[in-house]
Amino acid sequence: MIGIELTPEHPVSRIADLGEAAEANGFGTVFTTCHYNNRDPFVALDRIARRTESVRIGPGVANPYETHPVTLASRVATLDEASGGRAVFGVGAGDKSTLSNLGYDRDRPLRRVLETFKVASDLYAGERVDHDGTFLAKDAGLNYADAVGEVPTYVGAQGPHMIRMAAKHADGVLLNGSHPRDFAWAAEQVEQGLDERPAERGGFDFAAYAAVSVSEDAEAAREAARPPVAFIAAGAAPPVLDRHGLDGDRADRIGTRISAGEFTEAFEAVSEEMIDAFCIAGRPESVEEKIAGVLEYADSFVAGAPLGPDLEDAIELAGAVLDRSEADA
């Protein structure tokens, strides 16, 4: 998979334009981020579906807290129907710093995510579901004329338990990382999960879901990286910060400012070391070299936000870089 992430912080008409540009520049999958303070991701995905012909599309990633898991499964099924069978179900525990604003504690995140896509699979097969776990469902079913069928599930993950669970049960993992050091570590977690994977589950896609910022102006690319790096750093577990020798207190302060809506202050607090650890940022040749380092471990690559200081230009540059990376693989 060669994918791209679009953030619906812009009007959905522009997201549709960008999705069309992504397909034209060789991307095979388009994900949209899912945060309550942006446009609705499923509306944006529907607009992309109308403007494209072959790219797979899906939330990257939806969380089963803001929306009941059965309702979430139905939204993905609707997207699959509207796009002619092109949906991908990206699901994860969600961003802690923004979900806390809505009063969600993200209780039992691994079980919640696993139960969500297992129940979704049963619903897509046309079954009615009774479920009593991290959420309740009584005689729930989808009122579709035909069974939805196979919708690939990719689990958004960063921690070891979620990675291993994805490797055991899902179709793929979207590893939230941008540095080869993270992927060397994650590859070990994937292998542990695959050791317990039932043979009938088929193949598994270890996908890098990496923040990328590419421009012919290296400094502009790094400046554009500050917002997503702030969110990544704020949500990073202590072992991740330790792996890169980053200041945990600084990351906590960034998270506090994000939760308070003090985004400018949060972005300014991002260190150069955080940008190096959490984003592939720079000129195309530098970005290509860093992506090659990640693909020594990962099977697939998704170019995530911010993409670059100029989105249209960044999509073209990133598409060319990934095309060369794919040819060299």
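The model is a predicted one. Three of these pairs are set out below.

| Asp 182 | Arg 243 | 2.7 Å |

Arg 243 and Asp 182 meet in a salt bridge. This pair links distant parts of the chain, with Arg 243 in helix α10 and Asp 182 in helix α7, 61 residues apart. Asp 182 counts as buried, because its relative accessibility is 5%, and the cut-off for buried is under 20%.

Asp 276 belongs to helix α13 and Arg 222 to helix α8 (residues 218-224), so the bridge ties together parts that lie 54 residues apart in sequence. Arg 222 is buried at 14% relative accessible area, whereas Asp 276 is partly exposed at 40%. Both residues also belong to a network of salt bridges that links Arg 222, Glu 223, Arg 226, Glu 272 and Asp 276.

Glu 288 counts as buried, with 18% relative accessibility, and Arg 324 as partly exposed, with 36%.

Helix α7, which holds Asp 182, has 16 residues, numbered 180-195. At 1.5 Å a residue the helix should span 22 Å, and its end C-alpha atoms are 23 Å apart, which agrees. The buried residues of α7 are Asp 182, Phe 183, Ala 186, Ala 187, Gln 189, Val 190 and Gly 193. An α-helix has 3.6 residues a turn, so residues three or four places apart point the same way. Among the elements that cover the buried residues of α7 are α6 (160-169), β8 (172-176), β9 (205-214) and α10 (238-243). The cover also includes α13 (272-278) and α14 (284-294).

The count of disulfides is 0. For Cys 34, the nearest cysteine sulfur is that of Cys 279, 20 Å away. That distance is too far for a bond. Cys 34 is buried at 13% relative accessibility, and Cys 279 is buried at 3%.

Gly 308 sits in the loop between β11 (300-307) and α15 (311-328). With 7% relative accessibility, Gly 308 counts as buried. Leaving aside neighbours within four places in sequence, Gly 308 is in contact with Val 212, Ser 213, Val 214, Ala 224 and Ala 314.

Definitions and conventions:
Residues are numbered from 1 along each chain as its sequence is written. This is a predicted model: local features need pLDDT of at least 70, side-chain atom pairs count only at pLDDT 80 or more; totals for chains, interfaces and linings use all residues. Side-chain values use heavy atoms; hydrogens and water are left out. Helices (H or I, at least four residues) and strands (E, at least two) are DSSP runs, numbered from the N terminus. The expected span of a helix is 1.5 Å times one less than its number of residues. Buried means under 20% relative accessible area, exposed over 50%, partly exposed in between (1.4 Å probe, protein chains only). Contact means heavy atoms within 4.5 Å. A disulfide is a pair of cysteine sulfur atoms within 2.5 Å. A salt bridge is a side-chain nitrogen of Lys or Arg within 4 Å of a carboxyl oxygen of Asp or Glu.
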